[in-house]
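Subject: Handover of a structure

Dear colleague,

Please find below the structure that I am handing over to you.

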Amino acid sequence: METTLEPARPRKLGLVERLLRVTWLGPAIAAIVIYIFFGIFGGATGFLSVAGTAGWLNTAAELGIIAVPIGLLMIAGEFDLSTGSVVGASAIIVALGSGFYGLPVALTIAMALALGLLVGVFNAFLVNFTKLPSFIVTLASNFILAGSALGLSRLISGSSNVSYRDAGWAEPLFSSKWNFFNVSILWWLLAILIAAWVLRQTRFGNWILATGGNADAARRAGVPVSRVKLILFIWTALSASFVGIMSAVMYNQGNAAQGQGYVFQTAIAAVIGGVLLQGGFGTVTGIVLGCIIYGIVGLGLFYTGWPTDWLQTFIGALLVIAVLTNNLIRNVALNRGKSAR
Amino acid sequence: MTAPLMQLEAVSRSFGNNLALNQVSIDVYPGEVHCLLGDNGAGKSTLIKIMSGVITPTLGTIRFNGEPVTFSSPRDAQHYGIGTVHQDVGTIPLISVARNFFLGNEPTKGWGPFRRLDHKTANRIALEQIRSMGIRRVTDAEQLVGTMSGGERQALAIARALYFGARLLILDEPTAALGVKESKVVIDLIKKARDDGIALVFITHNATHALSVGDRFTVLIQGRSAAKFLRGEKSREEVLNLMAGGEQFETADHGD
């Protein structure tokens, strides 16, 4: 990467430079390498089959519906670790409402989304007005909500695991399958398209980047920094609600304790996808690749037949490598311009 | 002689019991550079915060084009044509030159949900404007601002303020973090803006930089305007003494 010399100015963009502009290059290469790796070691047992492909795509989609907006929020410089509890609480609301109280499913879905909205507003309010780090604020709201969901569920129904009652119309929307492919992949695609449009093509997208890059400078330039954060916190929480609702319909039950995996998985997928941990930098393509990598590793390891105990070790190592590579690429990209004086 | 664009008349500002600015009067003329000199804590930051609408004075009057005005916010001051270039230059390293240039004023096309950024126009104008500042090394509006040098970033911020209609530019120590060559780039930009009829307020610690472009000088010491003079009225030694004199008298921290 560092071997080519800078041409004299005025310069045209060289191949290396153009490649360095493609900021999701790192995660793209990683995804391919990891896919080939598991193709070799898990191909014989079906990793490359339709079922295997659907397996990792389904995982990536369910993670990605939340991870995509989480990535945008992280680009704006904030964390949301409360999504895990919002998933569980939304699932239990739909299950309790429909299965225990016999409410119409549409109403329970509206209630779950209202909870998501409330959590998003609560998080944004605390972050904007107390200036506390969102890491702590949302971690706290994650615990508060997780405990409340579990406690209320036990209090009402005597169990943390409640059956969902069929609505008829909700199933095709949330639990359809083609072959082995879940409908969640389509919902993920929709989330991706909206997020990519917003980040690249709208003023709001520019404000997201600026808010994470330098909030003070953004404020002075007239960017409504607090409103940017509010909208993104609502977006992440609503997405988590959506996944909770989807899982209640798909698995015919809600569990108040489910969803905690999303707390860090979503942030990990975003970081693997090249989102800068301190904000100000990242792409939707990168986040999508981060989700795909997560899906491939999760399912691929299963196909190799190796003990899945090692999954977390693998993810941890991947995270370190991803962060180091992304930093390297970014520094090279920034220094190339400077050295061309 | 032309009329001043902006006048501060006996402006004071206190924070609690601390009088950060004590009856300071300043006239800023179009096509002139007004240098604001003084040590840390002398009241320079308070003064530019008042001029750019971040805070309001406790006492005193601000006139713009002869009319008394009150700035309710930085945005409000910007509407009058007051542009501030801060020490951190108001630019964001990991987004493109064009995205920085138009931040908060992004051009769009289309309507309703299909309203989107007009990247083409933004890129073209940003590149034109920054190159008109004499920055020729920037050849691509999509390059990251982080690839630019400190002087080039100052140029971007100045170009930005001027493009969005600034008639008065407040430059808060634009040369403080720059090397000799880079400082010259910024000094040349100040001269260019002055020749274009812009009114400039130039805050600096560097007497050489001040004397090379300043038309009017105000030295602040402990929140008071300790000296006011025109170009050529004081020698370099006298200016240095004034600035150092302020240091000797500085006893309390006026933390502005």
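Four strands of chain B form an open sheet in the order S2-S1-S4-S5, with antiparallel pairing. At its edges stand S2 (18-28) and S5, each of which pairs on one side only. On average, neighbouring strands in this sheet are turned by 30° against each other, direction ignored. Please bear in mind throughout that this is a predicted model.

**The pairings within this sheet**

Strand S1 (residues 6-15) of chain B and strand S4 (residues 59-64) of chain B run antiparallel and are joined by five bridges. To find this pairing on your screen, look for B:Glu9, which stands opposite B:Thr61 in S4(B). S4(B) also runs antiparallel to strand S5 (residues 67-69) of chain B, with three bridges between them. Here B:Arg63 has B:Pro68 of S5(B) as its bridge partner.

Which residue takes a positive phi in the hairpin of S4(B) and S5(B)? It is B:Asn65, with a phi near 55°, and the hairpin has two residues between the strands.

Helix H1 (residues 44-51) of chain B lies across S1 and S2 of chain B and runs at about 60° to S2(B).

**The six-stranded sheet of chain B**

Chain B has another open sheet, of six strands, in the order S6-S9-S10-S3-S11-S12 and with mixed pairing. Strands S6 (82-85) and S12 (224-230) of chain B are at the edges with a single partner strand each, so one side of each has no neighbour in the sheet. Neighbouring strands here are turned by 15° against each other on average, direction ignored.

Within this sheet, strand S3 (residues 33-38) of chain B and S10(B) pair in the parallel sense over five bridges. B:His34 stands opposite B:Val201 in S10(B). In general, the strands of a sheet pair through backbone hydrogen bonds, either parallel or antiparallel. Helix H6(B) lies across S3, S9 (168-172) and S10 of chain B, and runs at about 155° to S10(B).

**Two helices packed together in chain B**

H6 (residues 180-195) of chain B also packs with H5 (residues 150-163) of chain B: their axes come within 8 Å and cross at roughly 20°. The two helices are therefore roughly parallel to each other, as angles under 35 degrees count as roughly parallel. H5(B) passes H6(B) in a right-handed crossing.

Which residues meet in this contact? H5(B) contributes B:Gly150, B:Gly151, B:Gln154, B:Ala155, B:Ile158 and B:Leu162, while H6(B) contributes B:Glu182, B:Val185, B:Val186, B:Leu189 and B:Ala193. By class, these residues are seven nonpolar, three polar and one charged.

**A helix pair in chain A**

In chain A, helix H3 (residues 50-75) and helix H8 (residues 184-201) pack at an angle of about 25°, with their axes 8 Å apart. That angle makes H3(A) roughly parallel to H8(A). H3(A) passes H8(A) in a left-handed crossing. Among the residues that make the contact are A:Leu57, A:Ala61, A:Ile65 and A:Val68 of H3(A), and A:Trp187, A:Trp188, A:Ala191 and A:Ile192 of H8(A). The contact has 13 nonpolar, three polar and one charged residues.

**Where the chains touch**

The contact between the chains takes 25 residues from chain B and 24 residues from chain A. On the side of chain B that touches chain A, the elements giving two or more residues are helix H2 (74-79) and strand S8 (116-117) of chain B. This side of chain B has nine nonpolar, ten polar and six charged residues.

**Confidence in the model**

For the complex, the predictor gives an ipTM of 0.82 and a pTM of 0.87. Chain A has an average pLDDT of 88, and 91% of its residues score at least 70. In chain A, pLDDT stays under 50 over residues 1-11, a stretch with 13 contacts beyond four places in sequence. It is also below 50 over residues 337-341 of chain A.

For chain B the mean pLDDT is 86, with 94% of the residues at 70 or more. Among the elements of chain B, helix H8 (residues 236-249) has the lowest mean pLDDT (70), and strand S10 (residues 199-204) the highest (93). Over residues 246-256 of chain B, pLDDT stays under 50.

Yours sincerely

Note on methods. Residues are numbered from 1 along each chain as its sequence is written. Chains are lettered from A and ligands numbered from 1 in the order in which they are written. This is a predicted model: local features need pLDDT of at least 70, side-chain atom pairs count only at pLDDT 80 or more; totals for chains, interfaces and linings use all residues. Axes are lines fitted to C-alpha atoms, for helices over the stretch in contact, and angles run from 0 to 180 degrees between N-to-C directions. Angles under 35 degrees count as roughly parallel, over 145 as roughly antiparallel, 65 to 115 as roughly perpendicular and the rest as oblique. A crossing is left-handed if the near helix is turned anticlockwise from the far one by less than a right angle, and right-handed if clockwise. Two residues are in contact if their C-beta atoms, placed from the backbone, lie within 7 Å. Ala, Val, Leu, Ile, Met, Phe, Trp, Tyr, Cys and Pro count as nonpolar, Asp, Glu, Lys and Arg as charged, and the others, Gly among them, as polar. pLDDT is the predictor's confidence in each residue, from 0 to 100. Two strands pair if DSSP finds at least two bridges between them.
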